[in-house]
Amino acid sequence: MMTNKIIMGFTLMLILIVPAMSLHASAQTSQSYTITGAGSTFVFPLMDTWRVEYNKINQNIQLNYQAIGSGAGIKLLEQKSVDFAASDAPLSASDAKAAPGVLTIPESIGGITISYNIPGIDKGLKLTGPVIAQIFMGNITSWNDPAIASINPGMNLPNQKIVVAHRSDGSGTTYAFTDYLSKISPDWKTKIGQGKSVPWPTGTGGQGNAGVASIVKSTQYAVGYVELAYAFQNKMTYAFVQNADGNSFVEPTLDTIAADAAAASGNLPAADGDWSKVSIVNQPGSNSYPISTLTYVMIYKDLSTVTGETQDKSTAVLAFLNWILHDGQQYSSGLLYVPLPDSVKKIGENGLAQVTFSGGSVPEFGPIAALVLAIAIVSIIAVSAKTRLGFNPKI
């Protein structure tokens, strides 16, 4: 009789611990999957680190991420040919119409530098928003232009033509940069506007953040907009940009980008809301760097709509995205991305909780947990039959 009680107690304990095991079991599933993503070059240094670190703890899960630009990534999302897209630009109204049922999950925060290559000026160049706009419109063409010299007294600015570098592909970095220019320059807003691609009036185009960085680094007297991680990795020089308050010139750092993001993070929509107007550029604060942006993962609410998706693979996709929201954030700072504040993480958590497969919730039950539960139930039935405890589940 004592043995039967021990067996009964053990099996009941198994049932109680299965829920705790299930999420871990699903993440450690023995089945191998390749998760596919595409889009932002801005977030690639961090995304690639996530790929490596996640594979260390889930060796059967590979991430194939194509850093082809936010615009191209969103196109693949619309075609339902990737598990997720990554973008520094939220879905526009037309994008949302072409991809109904997409959730927007913030994944990181970064800054966009105004990187330059002026021999003899390694650090300290100051620029205002209106001056940056005039440079990229082709109206300020020389480094010793009075508009630049007046905010850099005592600096030996060369009488050399400015070589402008910009993106040639559809880009979330361009979206955020032109969002900033549209907010600080009515002239830019009227004549050029904001978008992932815009009609550049001057300059040379480069593919991806790496392409623009390469042009600036290899071309004397060049200037371009480059994500902070790329600028840092390439040992590039970048400007201090005047803040929204107009009382200081701010260097792009983790702290100053975080200050800019903090001012805007309390007004963000839900994952299934309208993100098309979301912007964190040019926020108030003496220490706020004004050219900052959220980056996003976009994923279909019903993953069964993605070509080739299975229910088991959707579990793996969801486990990876939950990981980047939590454990994955520890890798952000080292690559000069700002870890997500808790309030922004919560938006992502609530969004991922809505993900389904063919209308049903994506299971968190792994095969190991399911096996343990089955053994426990069979054991209870067997013990019940012997001891006449009357356990008779109706199936």
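In what order do the strands of the open three-stranded sheet run? The order is β5-β10-β11, and the pairing is mixed. The model is predicted.

**Open sheet**
- The edge strands, β5 (126-127) and β11 (249-250), each pair on one side only.
- Strands β5 and β10 (residues 240-242) run parallel and are joined by two bridges.
- Across this pairing, L127 stands opposite V241 of β10.

**Nonpolar core**
- The largest nonpolar core holds 108 residues, and I114, I135, I148 and F320 have the most contacts inside it.
- Helix α12 (residues 311-325) gives the most to this core, with nine residues.
- Leaving aside residues up to four places away in sequence, I135 touches L127, I140, I148, I162, V164, T202 and V223.
- In soluble globular proteins, nonpolar side chains tend to be buried together.

**Helix α9**
- The buried residues of helix α9 (residues 208-218) are G208, N209, G211, V212, A213, I215 and V216.
- Their cover includes the strands β4 (102-117), β6 (163-167), β7 (204-206) and β8 (222-227).
- Helices α7 (172-184) and α10 (228-233) are also included in that cover.

**Second largest pocket**
- The second largest pocket has a volume of about 280 Å³.
- Its lining has 17 residues, of which S92, Y175, Q194, S276 and K277 are the closest to the centre.
- Helix α7 gives the most to this lining, with four residues, and α4 (93-98) supplies at least two.
- By class, the lining has five nonpolar, six polar and six charged residues.

How values were computed: Residues are numbered from 1 along each chain as its sequence is written. This is a predicted model: local features need pLDDT of at least 70, side-chain atom pairs count only at pLDDT 80 or more; totals for chains, interfaces and linings use all residues. Side-chain values use heavy atoms; hydrogens and water are left out. A nonpolar core is a set of buried Ala, Val, Leu, Ile, Met, Phe, Trp, Tyr and Cys residues joined through side-chain atoms within 4.5 Å. Buried means under 20% relative accessible area, exposed over 50%, partly exposed in between (1.4 Å probe, protein chains only). Contact means heavy atoms within 4.5 Å. Two strands pair if DSSP finds at least two bridges between them. On a 1 Å grid over the protein atoms alone, a cavity is a set of points where a 1.4 Å probe fits but cannot get out, and a pocket is an open set with protein on both sides within 12 Å along at least five of seven lines; lining residues have an atom within 4 Å of a point. Grid points are joined across faces, edges and corners, and a volume is the space filled by probe spheres set on the points. Ala, Val, Leu, Ile, Met, Phe, Trp, Tyr, Cys and Pro count as nonpolar, Asp, Glu, Lys and Arg as charged, and the others, Gly among them, as polar.
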